[in-house]
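Student: I have a new model open and would like to work through it one piece at a time. Could you guide me with some questions and answers?

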Amino acid sequence: MEAGSAETEQPLEMEVEEEEVAPIYKEPPKIKLLEESVVNRIAAGEVVQRPVSAVKELVENSLDADSTSISVVVKDGGLKLIQVSDDGHGIRYEDLPILCERHTTSKLSHFEDLQTIQSMGFRGEALASMTYVGHVTVTTIMKGQLHGYRATYRDGVMEQEPKPCAAVKGTQIMVENLFYNMIARRKTLQNSADDYPKIVDLLSRFAIHHINVSFSCRKHGAARADVHSVATSSRLDAIRSVYGVSVARNLIKIEAFDDESSSSVFKMEGFISNSNYIGKKITMVLFINNRLVECGALKRAVEIVYSATLPKASKPFIYMSIILPSEHVDVNVHPTKREVSLLHQEIIIEKIQSAVESRLRNSNECRTFQEQTVDASTSSLLATQKDSPKNRTPPSSQTPKSEKVPVHKMVRIDSLDPAGRLHAYLQATPSSQADKSSLASIRSAIRQRRNPRETADLTSVQELVNIIDSNYHSGLLDTIRNCTYIGMADEVFALIQHNTHLYLANVVNLSKELMYQQVLRRFAHFNAIQLSDPAPLADLLMLALKEEDLDAEGEENYDLKEKIAEMNIQLLKQKAEMLQEYFGIHIDTNGNLSRLPVILDQYTPDMDRVPEFVLCLGNDVDWDDEKICFQTIAAALGNFYAMHPPLLPNPSGEGLQFYKRRVSSNCHQAGGGSSKDADDAAVESEYDDELLADAENAWAHREWSIQHILFPSMRLFFKPLTSMASNGTFVRVASLEKLYKIFERC
């Protein structure tokens, strides 16, 4: 009992002890004024959330400067370097000291100015914020100045007086080591997906809206620009240039407006995808008063229309530009200006949604299907299953150890890197030229063909090969073996670099001679290209004769052509066994061409030139002398397999006019549509899309073959003729040593 009572009394004693402890009084924390540097860094973290935020601010400043060309270079997703260059009006020298201070701007003076603001920036926080989270360097020159100025900034303050320097028109701003003093954010961005795709997407959106400005975006050190648009007068051309033909061909124009001053006053125009477009995710490009913004409510409203209107709807592509009175838009609602607030927003969205639904239903009721007329007498009979190469860029090879050489003798590119240079700044090639084989496999296949025992033992063939081996130009041979392909200068000439010299090379002449030499070296050892359908020689010869004599008419002329064709058919049938055994050209007993030789692996000739080749075999070959016979057949094959420009005009230049067509608007008128809808239809079908796509594929395939098949093969096999040094096949257009002499004099 005593023990039990002791146990019961113990907690009571503990309770008494707890009651005796006096509570500790804590004073409330003291409110103090934050240091200005802390305030500025907090604000900078809100304005510049990611590298893409900095790029957006800088590009918008360039647009405010009336620039016509804006170039962006990014390194490590923007964390190490963001460089934005423009050709705008520049910055005054006297403004440079306060350029990067907070709330310094040339866009407004009073708060009321926000009601009529037309510029992209207005708060004067972008550059200041960047100086608090990165190292900023500004180089600028104004029109009429003899030299520019360069200044560096840190924490909103110019570090030293601006230094005079050489500069091109406009302003260049470099932001280095972004978030160097915000460890947590920098690590988060380094561990996340690269910000570079977001920057590319941002520049793509600017490029299709500001069509009077050229945009370029690439990674630091890369030859290829991932965004490259040029100023144009057509919005549809800009979309085609940036997003591709497959997107542009499936867009329909849309407009909506409301001019009642009592409610919402706005005007909207743009393009939306039709029922033929297939996309994995929605792409919505929205500009309000020329300001790139997002509007979740409008985006959801449009998505609802697509899911309800089209069966099995894919994600749409939408571009809209909305113009409102400035006083109806509040631009100061988001730190990064990503969103705006609209007066009568619900009414505007409802009217745009109705316009989209109406336009989409009309386009779905009157769908357009492309058709192609097939003529059995044309060379389309020879359609073969061509490999469609994919324009792949292989990993860059390691740069050899640098040696100290004079600056004027430095080679400016890696000669071991086979990737193209010039075409990186041109319109992207269509995706239809995809090929599953890599460049490594192509080169491996080419090297496997280097077997000297393949040359036939016939004395006449050996003599022809000896002529090639003993009469080549050693200087041109070194140029070919060690040159770097830059790109196509025009339809015939390619630009190549050898050491410090730049040359124009005639690819038609080079490919013709290469094919001729390969025919002789592979004599009697050819693989075969099997035609999908045997082609009658009679049809081929008649087609070639008609092309040669387009102006001739009458039955007598036709009878003469038939006689010439019949004579050639009989001749080629007599020589079929020899053509098959020595050259891999198979002609059956019925006079049908069914197989052609493989002269270069992975390369198929232009089948539209088969009729000309067959006529050449019949008319131009001397069958009486063995050596001359083999020489003329090899020359005919060389001309046929040479990389001539495609027969369709080049759509990237003036040849684009060839593909324009007039489209009847009967479909819209029959359905009761307005003349405005008919005009929209004419705009949508301005070009023959199918023919245009074929031409783009043909030209892209040719350029891919020149870069990845012709020049690698020439490095391995080609022996350039001595005459090529003087007949215009090679033309030296620039020399670094001479350029240095010129600039030294300047």
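Student: Is Asp469 buried, partly exposed or exposed?
Tutor: We judge this by relative accessible area, where buried means under 20%, exposed over 50% and partly exposed in between (1.4 Å probe, protein chains only). Asp469 has 28% relative accessibility, so the class is partly exposed.

Student: Which residue meets Asp469 in a salt bridge at 3.2 Å?
Tutor: Some ground rules come before the name: residues are numbered from 1 along each chain as its sequence is written, and this is a predicted model, in which local features need pLDDT of at least 70, side-chain atom pairs count only at pLDDT 80 or more, and totals for chains, interfaces and linings use all residues. Side-chain values use heavy atoms, leaving out hydrogens and water. A salt bridge is a side-chain nitrogen of Lys or Arg within 4 Å of a carboxyl oxygen of Asp or Glu. At 3.2 Å, N to O, the partner of Asp469 is Lys719.

Student: How many residues apart in sequence are the parts that this pair ties together?
Tutor: Helices (H or I, at least four residues) and strands (E, at least two) are DSSP runs, numbered from the N terminus. Asp469 sits in helix α12, while Lys719 is in the loop between α22 (689-717) and β23 (730-735), so the parts brought together are apart in sequence by 250 residues.

Student: Helix α12 interests me now. Which residue meets Glu463 in a salt bridge, and how far apart in the chain are the two?
Tutor: Glu463 belongs to helix α12 (residues 459-470), and its partner is in helix α19. Their side chains meet at 3.4 Å, N to O, and the partner is Lys627. This pair links distant parts of the chain, with a separation of 164 residues.

Student: Helix α19 has come up already. Which aromatic residue in α19 pairs with Tyr582?
Tutor: Rings of Phe, Tyr and Trp (its six-membered ring) pair if their centres lie within 6.5 Å; planes under 30 degrees apart count as stacked, over 60 as edge-to-face and the rest as tilted. Tyr582 lies in helix α17 (residues 576-583), and its partner in α19 (residues 626-641) is 48 residues away in sequence. The centres are 5.5 Å apart and the planes at 90°, so this is an edge-to-face pair of Tyr582 with Phe630.

Student: Which residues form the aromatic cluster with Phe630, and how many aromatic pairs does the whole structure hold?
Tutor: Phe630 itself is buried, with a relative accessible area of 3%. Across the whole structure, the number of aromatic pairs is 12.
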